[in-house]
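I open this notebook page to keep track of what I look up, one entry at a time. The sequence and the structure come first.

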Amino acid sequence: MKNFILRLITFFIITCLIGEFIIRVYKLTPDIPQRFIDETGIQRYKPEQTGYYTKSDTKWRINKYGWMGVADTTYGKTIAVIGDSYIENIMNPISCNQGVILKSYFDDIGFFEAGRSGVSFIEGMEITKLLKPIIQPQFYLLYVSSNDFYESFSNKIRYFDRMQIDLKNKTILKAKLKNPTLKKFLYSSKLLYYMYLRFPLLVENQNKGEIITLAPKNNTFDQLNFNKLFEYSVNNYDVEKIILIFHPGTQKEIISTANEYGFQTVELNSEGDQSWGLGSHDGHWSCYGHSQVAKQVKTYLNTVIVQ
Amino acid sequence: MLFNSIDFAIFLPIVFILYWFATNRNLKFQNLLIVAASYLFYGWWDWRFLSLILFSTIIDYSVGLRLSKQENPTKRNILLWTSILVNLGFLGFFKYYNFFADNFITAFSFFGAEIKANSLNIILPVGISFYTFQTLSYTIDIYKRKLEPTKDFIAFAAFVSFFPQLVAGPIERATNLLPQFYIKRKFEYTKAVDGLRQILWGLFKKIVIADNAAEYANLIFNNSDDYSGSTLLIGALFFTFQIYGDFSGYSDIAIGTSRLFGFDLMRNFAFPYFSRDIAEFWRRWHISLSTWFRDYLYIPLGGSRGGTWIQVRNTFIIFVVSGFWHGANWTFIVWGALNAIYFLPLLLLKRNRLNLGTIAQGRYLPTVKEFFNMSSTFGLTLLAWIFFRANNIEHAYKYISEVMSPSFFSVPDVPQKAIVIWVLILFFLMIEWIGREGQFAISHIYKLPLLIRWSFYFSIIILMFVFTGKEQAFIYFQF
């Protein structure tokens, strides 16, 4: 037994080392940048970091504004692309980003991406406020699903690592970085991060299996909360410039309420096309999914942009 | 709990340590630990269905004890049928209720009668077909006086619920597995290492071969209307390797895990795709189920004794029932019947036991005749798998029609990435071919020097990291 255990431990250690090496060589997990929380309470990435995308030879780079992705401010007209991990898109090469694909449709417009994993609806709205003096966008495209709204309400569940809104007191609750040391350790060990992604035990697996429709997690539509949220939005942000891009499967009541409060909306339709997603253990859009999304957004933009 | 999950990777070492270090001095405690671990393993999926296993265990334990004391044939029959009806009753309700209800309604509507549909939203308990057959074998063997009943309830509960093979087999016989719970297990280094080796190979089959093949098999079968005959053929080939890698991979992990705990389970797969005829295929595919049907259905029906008609009837019954065991769908029944049609000529010409040994034994390559026989058997099996995988009979018919259409000669429409999967499948087949005379493909590797052996293991692990497929549930869980 002693011999067996010793050999098993040796085998296990070598397997871990080989695993770490293989994951690094084949870039089986993306490099994850470090975050900070700015004075407005928005989480951004520390500028000038670089790293690799999954299974790619190309590198991502955090721009001076603290975002990953394109930040084209050289055109007279700029459109901001805001959202969560779908927009950040670390799991695909940058050529599949919404900003890049949309740019291919609109030659004379610059696209500025501000995407980060975990952005709720209210944080997305705060990002519009942050970007306004920097790029003065013609429009803000805010990509959202039902969950992004429910995660905005602090009275439902308080997520300390996310920006939320206290609807009762009409105040924004800033986020705190969750376990930064643990995350640093997890992300620096590629094997651990690989296992964490591949076998999401005890993980808030919000994207697992959500290939096409982002079904809300036991969320029942509460008209009162949504009225308060949109009312706050109308009073505090440039709602007329914000176009909400709803993921397929977003609750219809949310979309109709947003329309009532003057938001421009686009409801994405995947028509049950399974290849929009990356797979059963990752519901983020694949490059194909991103191209289909961009096509639908382009159709809408063509109707509102004054060339 | 899935074998290819992190949950199991945590569960297994904990149970292993408790088994060999905390409870090893007392057989009762060791068996009790197996029961507790097995119930946890099963309850991880849905604890509510543990009651079914417990109920089945209590019924068969009690029936077994009473059968041994009972000499009155009528009362013995009543006891036997109590066990059969309880076990098959559960199986029938959970697995076949909606099938029979739907077909009943369809049949009556055909004659103009309107019956209101009353199908139930029933969850199929994982592994019910496996443990039901396992406990049935216990009662039947006692009834036939082939086995003495156990008085040790814990040992019996461990036999019924033994976690490595609880949800997808091999379907163990009480005569083989139950006595292993009576004797104190001793840790054997070679057995444990061999078990780990088999687990590694099983994981490779599942994660690299089955899960990758599944991606394309699903894509092609789910969109079969959009593809040409040549692509559909490739889809069927992908499924052929998916189901083999998936199920035999599970069996390898189950057998390997049992060996870690000092148990020997029966072999379930013996390189079936290297069979030279269908009879040989069925001696090598899902052996624990085939032999179960042979011993508890085919032989009691008269087997191959009697006239030609009896033989034909019995063959059809066993294959159709085997198909139906897989699921409540006509596709499985047709799959079974098709295999019966393949098998009958061999049986009637008394050529069903021609190929009892291993193909090309002692040689590197098969003869031309062997290769031809192997390929044609593989082709027949492939055709049958289309029925097994199709959504319904119409889907299977359209699928096969398209394969046989002129579009068969067009260039297949398969992504380039799929070529990598074929390279992996070829590598897999090569290793299986080299190891075909062993219990499993890499069982002979222990003869090689440590450095080569470990290099091979690590190569397999590297392939698992790099080519891990999109995680899929084990196919046989649904049966």
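My entries on selected residues follow.

**Ground rules.** I note that this is a predicted model, in which local features need pLDDT of at least 70 and side-chain atom pairs count only at pLDDT 80 or more, while totals for chains, interfaces and linings use all residues. Residues are numbered from 1 along each chain as its sequence is written, chains are lettered from A and ligands numbered from 1 in the order in which they are written, and side-chain values use heavy atoms, with hydrogens and water left out.

**Disulfide.** I reminded myself that a disulfide is a covalent bond between the sulfur atoms of two cysteines. I looked for pairs of cysteine sulfur atoms within 2.5 Å, and the count over all chains came to one. The pair is A:C96 and A:C287, with sulfur atoms 1.8 Å apart. A:C96 sits in the loop between helix 2 (85-88) and helix 3 (98-105) of chain A, and A:C287 belongs to helix 10 (residues 287-304) of chain A, so the bond ties together parts that are 191 residues apart in sequence. Helices here are DSSP runs of H or I with at least four residues, and strands are runs of E with at least two, numbered from the N terminus. The torsion about the S-S bond is about 85°, so I recorded the disulfide as right-handed.

For exposure I used relative accessible area, where buried means under 20%, exposed means over 50% and partly exposed is in between (1.4 Å probe, protein chains only). A:C96 is buried at 7%, whereas A:C287 is partly exposed at 29%.

**A:R44.** Is this residue buried or exposed? I found A:R44 in strand 2 (residues 43-45) of chain A, and it is buried because its relative accessible area is 12%. Its side chain makes a polar contact of 2.8 Å with the side chain of A:D38; such a contact is a pair of N or O atoms within 3.5 Å, and within protein one must be able to donate a hydrogen and the other to accept it, with residues adjacent in sequence counting only if both atoms are side-chain atoms. Leaving out residues up to four places away in sequence, A:R44 touches, among others, A:Y65, A:W67 and A:L130, where contact means heavy atoms within 4.5 Å.

**B:I393.** I then turned to helix 15 (residues 393-403) of chain B, where B:I393 lies, and noted that B:I393 is partly exposed at 33%. The C-alpha atoms of B:I393 and B:V334 are 8.2 Å apart, although 59 residues separate them along the chain.
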